[in-house]
Amino acid sequence: MFEYHIWASRTIMERIQELPASVLHAEVGSSFPTIAHALSHMYAVDRMFYQVLQGKEMPEALQECMALNQTTLTSIDEYITRFAVLTDQYQQWLQSGIDLEQSLLLNNPYVGPRQTRLAEIVLHVVNHGTYHRGNISTMLRQLGHASVMNDYLLFWYQESASSI
């Protein structure tokens, strides 16, 4: 699922890269004021949960990543680079042999503490990204541009084709 998350995020950012640079910061009436704000939010949450997976308490990780949520980058290339670095960190962690069925006490300041499996946290990161890539697709359409298919189904077929 995390491989899908990487592919889908890269796919939609590459679509944005094809469009005029102004699209990134164009104001729209949507969940976020701009596509840049949506990408910053996605990155901040991915980063925050990576820190949780590394052993940091969620309130502390959340506090550290709040500024990332509020700060937009200048270009889509900067987002692509930022996401790529974090992706490498996640992949190294996932390949380290960690038992994803082990749990930790996730002290979520919004809803309280909960024993949570590491696999559930990774799935949440993927699901959160899917939700906001949908927001970005809608924002692109509001700005007069086609989005790009980034469904899990297409990922299956592309992965199958590359392994044949």
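## Report on a predicted protein chain

Glu 14 has a relative accessible area of 39%, so this residue is partly exposed. The value lies between the limits for the two other classes, because buried means under 20% and exposed means over 50%. The structure discussed here is a predicted model.

Glu 14 belongs to helix α1, which covers residues 2-18. Along the chain, Glu 14 and Ile 76 are 62 residues apart, yet 8.4 Å separates their C-alpha atoms.

Is Arg 133 buried or exposed? Its relative accessibility is 1%, so Arg 133 counts as buried. This residue is part of helix α5, made up of residues 118-142. Leaving aside residues up to four places away in sequence, Arg 133 touches Tyr 4, His 5, Ala 8, Ser 9, Ile 12, Met 42, Val 126 and Asn 150. From Arg 133 to Asp 151 the C-alpha distance is 9.9 Å, and the two residues are 18 apart in sequence.

The table sets out the two residue pairs.

| Pair | Separation in sequence | C-alpha distance |
|---|---|---|
| Glu 14 and Ile 76 | 62 residues | 8.4 Å |
| Arg 133 and Asp 151 | 18 residues | 9.9 Å |

Next come the elements of the chain. The protein chain has six helices and two strands. Read from the N terminus, their order is α-α-α-α-β-β-α-α. Strand β1 spans residues 103-108 and strand β2 spans residues 112-117; the strands run antiparallel and are joined by six bridges. One example of pairing is Leu 104, whose bridge partner in β2 is Thr 116. How many residues does the hairpin use to join β1 to β2? The hairpin connects them through three residues. In a regular strand, side chains alternate between the two faces of the sheet.

The remaining values describe the chain as a whole. For 164 residues, a compact globule would have a radius of gyration near 15 Å; the protein chain has 16 Å, which agrees with that expectation. Along the principal axes, the C-alpha atoms fill a box of roughly 45 × 45 × 25 Å. Of the 164 residues, 42% count as buried. Taking contacts between residues at least 6 apart in sequence, 70% join residues at least 24 apart.

The chain carries 9 positive and 16 negative charges, and the mean positions of the two groups are 3 Å apart.

Methods:
Residues are numbered from 1 along each chain as its sequence is written. This is a predicted model: local features need pLDDT of at least 70, side-chain atom pairs count only at pLDDT 80 or more; totals for chains, interfaces and linings use all residues. Side-chain values use heavy atoms; hydrogens and water are left out. Helices (H or I, at least four residues) and strands (E, at least two) are DSSP runs, numbered from the N terminus. The radius of gyration is taken over C-alpha atoms; the globule rule is 2.2 Å times the number of residues to the power 0.38. Buried means under 20% relative accessible area, exposed over 50%, partly exposed in between (1.4 Å probe, protein chains only). Contact means heavy atoms within 4.5 Å. Lys and Arg count as positive and Asp and Glu as negative; His and the chain ends are not counted. The place of a charge is taken as NZ of Lys, CZ of Arg, CG of Asp or CD of Glu. Two strands pair if DSSP finds at least two bridges between them.
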